[in-house]
Amino acid sequence: MTTDDQRVRIVFLLRLRPDSAERFRAAYEAVRWNVARTDGHLGDQLCQSVGDPDQWMITSEWESLEHFLAWERTDAHRELAAPMMACVVERSSLRFVVRAATSGAASGARS
C-alpha cells in the first residue's frame, strides 16, 4: 500500500506530567501557527481526555505522508516541539491514511 499523494491523519497520544497542562497548552499555541504555515498541513486539533486530565491527543491532517515526514525531519520541528515534550512523560504516535471523511451538519455539509 502506498501513501504517496493520499491524505494522512497523524495521532499523538500523550500523558503529561502532573500539573503541566497550562505549560503544555502554551507550548502548543506557540507551535500550532508555525505548523499551519507548513506545506501540506491541512489542520490539527488538541484534545484532552474527559476522564483523565493528564491524557491528551494531538491529531493533524496532511496532504500526504511525505509532507508530514518532511516537516517531522526538520530542526525547526524538534525545536518547536521541545517545550511541549518537556511536559510529556509518555507518548505514542500513529499514522493513518484517510480513506473516507464525512462532515456533520454543524460544519455546513447539508444544503
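This report looks at a helix pair and at the salt bridges in a predicted model.

## Helix 1 against helix 3

Two packed helices are described by the angle between their axes and the distance between the axes. Here, the axes of helix 1 (residues 21-36) and helix 3 (residues 75-85) come within 8 Å and cross at roughly 160°. Since angles over 145 degrees count as roughly antiparallel, helix 1 is therefore roughly antiparallel to helix 3. The crossing of the two is left-handed.

On the helix 1 side, the contact is made by Phe24, Ala27, Tyr28, Ala30, Val31 and Asn34, and these meet Leu80, Ala81, Pro83 and Met84 of helix 3. Sorted by type, the contact residues come to nine nonpolar, one polar and no charged.

## Salt bridges

Let's turn to the charged side chains. The model has seven salt bridges. In one of them, arginine 9 pairs with glutamate 61, with the closest N and O atoms 2.7 Å apart. Arginine 9 sits in strand 1 (residues 8-16) and glutamate 61 in strand 3 (residues 55-62), so this pair ties together parts that are 52 residues apart in sequence. Arginine 9 is partly exposed at 27% relative accessible area, whereas glutamate 61 is buried at 12%.

Another salt bridge joins arginine 15 and aspartate 52, at 2.6 Å from N to O. Because arginine 15 lies in strand 1 and aspartate 52 in the loop between strand 2 (41-48) and strand 3, the pair links parts 37 residues apart in sequence. Both partners are partly exposed, arginine 15 at 28% and aspartate 52 at 21%.

Glutamate 66 and arginine 73 also form a salt bridge, at 2.7 Å from N to O; glutamate 66 is partly exposed at 44%. Finally, shared partners join Arg7, Arg9 and Glu61 into one salt-bridge network.

Definitions and conventions: Residues are numbered from 1 along each chain as its sequence is written. This is a predicted model: local features need pLDDT of at least 70, side-chain atom pairs count only at pLDDT 80 or more; totals for chains, interfaces and linings use all residues. Side-chain values use heavy atoms; hydrogens and water are left out. Axes are lines fitted to C-alpha atoms, for helices over the stretch in contact, and angles run from 0 to 180 degrees between N-to-C directions. Helices (H or I, at least four residues) and strands (E, at least two) are DSSP runs, numbered from the N terminus. Angles under 35 degrees count as roughly parallel, over 145 as roughly antiparallel, 65 to 115 as roughly perpendicular and the rest as oblique. A crossing is left-handed if the near helix is turned anticlockwise from the far one by less than a right angle, and right-handed if clockwise. Contact means heavy atoms within 4.5 Å. Ala, Val, Leu, Ile, Met, Phe, Trp, Tyr, Cys and Pro count as nonpolar, Asp, Glu, Lys and Arg as charged, and the others, Gly among them, as polar. A salt bridge is a side-chain nitrogen of Lys or Arg within 4 Å of a carboxyl oxygen of Asp or Glu. Buried means under 20% relative accessible area, exposed over 50%, partly exposed in between (1.4 Å probe, protein chains only).
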